[in-house]
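Could you walk me through this structure in plain words?

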Amino acid sequence: MLDDEDSPIHPLFAGAPSSTEFRKLRKRIVRETREAIEKYGMIERGARWLVCLSGGKDSYTLLAVLHELKWRGLLPVDLLACNLDQGQPGFPATVLPEFLERMGVPHRIEYRDTYSIVKEKVPEGRTYCALCSRLRRGNLYRIAREEGCSAVILGHHRDDILETFFMNLFHGGRLAAMPPKLLNEEGDLFVCRPLAFVAEQDCERFARAMNYPIIPCDLCGSQEGLQRMQVKQLLDGWESRNPGRRQVMFRALMNVRPSHLCDSDLFDFAALMRQAAPDREDFSEIVPKLRDRD
């Protein structure tokens, strides 16, 4: 069905380039998103999803692909787009509402001045990300409950997941990444990342080709030397020298062997029992036999 070029598409794809290259890109993103949704059991039939839209390339890609899947009957959930306006100075507050209205996408725009809180609480020279994301997450959970949504849907992609893994490895002393699906601490909301298999480069190429009105995050983007940016540069270097390295590393996150790590809470090393060696012929008797054969 996705390969039927004559079939209708959602307005979010209106004006898409007709090139073979773009069609392949679009189909790949849609296929990988559908695979992640199915593999991690994200769908509850009749559920309502709060699709978080920041105005960046990743969230635009997420919004378009989810509506494409729903348009084709492959995603039996209701979708509500949501943008949390965090009060950043100069934020173009009209861009997203106008875009969503034009595309006919059900949405909610919420204003909460978390920017002032972050600027007040975080010391000069420290990164804003942790507090900013905590405040944003709390507001999104609240909105999801108010709107009767069972899941908060985020636009994190494969590269975000990899970067988080290495951030935890290098700076947190633990093996952990962003899970494609998790249950919040209160146990009443799922948090899902349907773009878990999608490369950041594909999101960038897709959003640029569709000419979506990208809104940069000036709060985080204004700080240089973030640890995440350092990890990103490291991964970029590996990828440039060995194309495909990111995908190999991501596959490793899906192929974990607890018995070959060192976490005794994850694998009971103390319970390993040595078995008795099987009976074998005495080596001194085997050698003469081999000599007689020669």
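Start with Lys181, which lies over the face of Phe190, 4.5 Å from the ring centre. A charge counts as sitting over a ring if NZ of Lys or CZ of Arg is within 6 Å of the ring centre and within 35 degrees of the ring normal. Arg26 does this with Phe13, at 5.2 Å from the ring centre. Keep in mind that this is a predicted model, where local features need pLDDT of at least 70 and side-chain atom pairs count only at pLDDT 80 or more, while totals for chains, interfaces and linings use all residues. Residues are numbered from 1 along each chain as its sequence is written, and side-chain values use heavy atoms, with hydrogens and water left out.

A search of the whole structure finds 12 aromatic pairs. Rings of Phe, Tyr and Trp (its six-membered ring) pair if their centres lie within 6.5 Å; planes under 30 degrees apart are stacked, over 60 edge-to-face, and the rest tilted. Phe22 and Phe206 are stacked, 5.7 Å centre to centre with 15° between the planes. Phe22 belongs to helix 1 (residues 20-39) and Phe206 to helix 7 (residues 200-210), so their pair ties together parts that are 184 residues apart in sequence. Helices here are DSSP runs (H or I, at least four residues), numbered from the N terminus. Both Phe22 and Phe206 are buried, meaning under 20% relative accessible area, whereas exposed means over 50% and partly exposed lies in between (1.4 Å probe, protein chains only).

Phe99 leads us to helix 3 (residues 95-103), where Leu96, Phe99, Leu100 and Met103 are buried. Seen down the helix axis, the buried residues fall within an arc of 95°, so they line one face of helix 3; the arc is that of the directions from the axis to the C-beta atoms. Why does such a face form? An α-helix has 3.6 residues a turn, so residues three or four places apart point the same way. On the other side of helix 3, Glu101 and Arg102 are exposed.

Finally, find Phe165 and Phe166, an edge-to-face pair 5.3 Å centre to centre with 85° between the planes. Phe165 counts as buried at 17% relative accessibility, and Phe166 is buried at 8%.

Notes: Helices (H or I, at least four residues) and strands (E, at least two) are DSSP runs, numbered from the N terminus.
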